[in-house]
Amino acid sequence: MHVQDSRWSSAVASGATMSAVSGGRPDGTRTTPLRVDAQRNLEHVLRAAREVFGELGYGAPMEDVARRARVGVGTVYRRFPSKDVLVRRIAEEETSRLTEQARAALGQEDEPWSALSRFLRTSVASGAGRLLPPQVLRVGVAEERGLPEHARLPQQRTQPAGELRLVSEKRVEDDGGAAELLDVVGQLVERARAAGELRADVSVSDVLLVIATAAPSLPDAAQQAAASARLLDILLEGLRSRPS
């Protein structure tokens, strides 16, 4: 899992002027319909960005995204005036997708453990862990700033040789739909814990780290799927409570 320290809040400020010129909003969306060729280019760029960031992390350069999309880098920048804007778009889409997967598991599975394991399997199979935004992945216990117990997040290890630092100084619930994701996953966690099927010390952050850990990026798709499934089986066993 590769995550870089993107300055999310700078995306809006840096994109405001350029988006006004291009007829769009600071978040990279437009106020007028795109031409067919422009829409096609946008879809290519977004697909390429998901692939490149999934393989190399959010630190990958825009040139790599343009190359994968088979468009000029100027085309990418016309649609996304800064890399932060593109990173935010991909991360928010991934957060929204994870939230919907969690909500589906919560609503369609009666058994608490089945709901939690379904969410994890669906999320890992979709490769979601490779695109989780950094504000929901931190390693270690930081200042909790009043967050509820189940929503406390660890810091992401982004520095070499034991250094730890916050990826974002913003509260996680202020950014990109992360609060909604934490809330729904928190419900899955609380149900499984209340049923005695989840270890008492497992938190939402642990569940999200499982998604990130069990989504390796391997060159062979079949090998990647097999490795993810095997690793997830092991991690799920570690999450389950055991009779004393």
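1. Buried here means under 20% relative accessible area, exposed over 50%, and partly exposed in between (1.4 Å probe, protein chains only). Helices (H or I, at least four residues) and strands (E, at least two) are DSSP runs, numbered from the N terminus. Packing is judged by contact, meaning heavy atoms within 4.5 Å.

2. A word on what you're looking at. This is a predicted model, where local features need pLDDT of at least 70 and side-chain atom pairs count only at pLDDT 80 or more, while totals for chains, interfaces and linings use all residues. Residues are numbered from 1 along each chain as its sequence is written, and side-chain values use heavy atoms, with hydrogens and water left out.

3. Back to helix 9, residues 221-239. The buried ones are Gln224, Ser228, Leu232, Leu236 and Leu239. They sit on the same side of helix 9 because they cover an arc of only 95 degrees around the axis, the arc being that of the directions from the helix axis to the C-beta atoms. An α-helix has 3.6 residues a turn, so residues three or four places apart point the same way. On the other side of helix 9, Ala222 and Arg230 are exposed.

4. How does helix 9 begin? Aspartate 220 caps its N-terminal end, with a side-chain oxygen 3.3 Å from the backbone nitrogen of alanine 222. From first C-alpha to last, the 19 residues of helix 9 reach 27 Å, close to the 27 Å expected at 1.5 Å a residue. That expected span is 1.5 Å times one less than the number of residues.

5. Helix 7 (residues 178-194) is worth a look too. Its 17 residues reach 24 Å from the first C-alpha to the last, close to the 24 Å expected. Its buried residues include Leu181, Val185, Leu188 and Ala192, and the buried residues of helix 7 pack against helix 5, helix 6 (112-125) and helix 8 (204-213). Just after helix 7, glycine 196 takes a positive phi of about 75 degrees.

6. Glutamine 101, in helix 5 (residues 83-108), is buried, with a relative accessible area of 15%. Leaving aside neighbours within four places in sequence, glutamine 101 is in contact with Phe119, Thr122, Ser123 and Ser126. Glutamate 55, in helix 2 (residues 36-56), is partly exposed at 37%. The side chain of glutamate 55 makes a polar contact with the side chain of arginine 68 (2.9 Å). Glutamate 55 is also 5.9 Å from serine 217, C-alpha to C-alpha, although the two are 162 residues apart in sequence.

7. For the overall picture, the protein has 9 helices and 0 strands. Of its 244 residues, 44% count as buried. Among contacts between residues at least 6 apart in sequence, 65% join residues at least 24 apart.

8. Finally, confidence. pLDDT is the predictor's confidence in each residue, from 0 to 100; the protein averages 75, and 68% of the residues score at least 70. Over residues 1-23 the pLDDT is below 50, and this stretch has 53 contacts in the model beyond near neighbours in sequence. Residues 139-174 also stay under 50, with 68 contacts beyond four places in sequence. Among the elements, helix 1 (residues 8-22) has the lowest mean pLDDT (37) and helix 3 (residues 62-69) the highest (96).

Definitions and conventions: A polar contact is a pair of N or O atoms within 3.5 Å; within protein, one must be able to donate a hydrogen and the other to accept it, and residues adjacent in sequence count only if both atoms are side-chain atoms.
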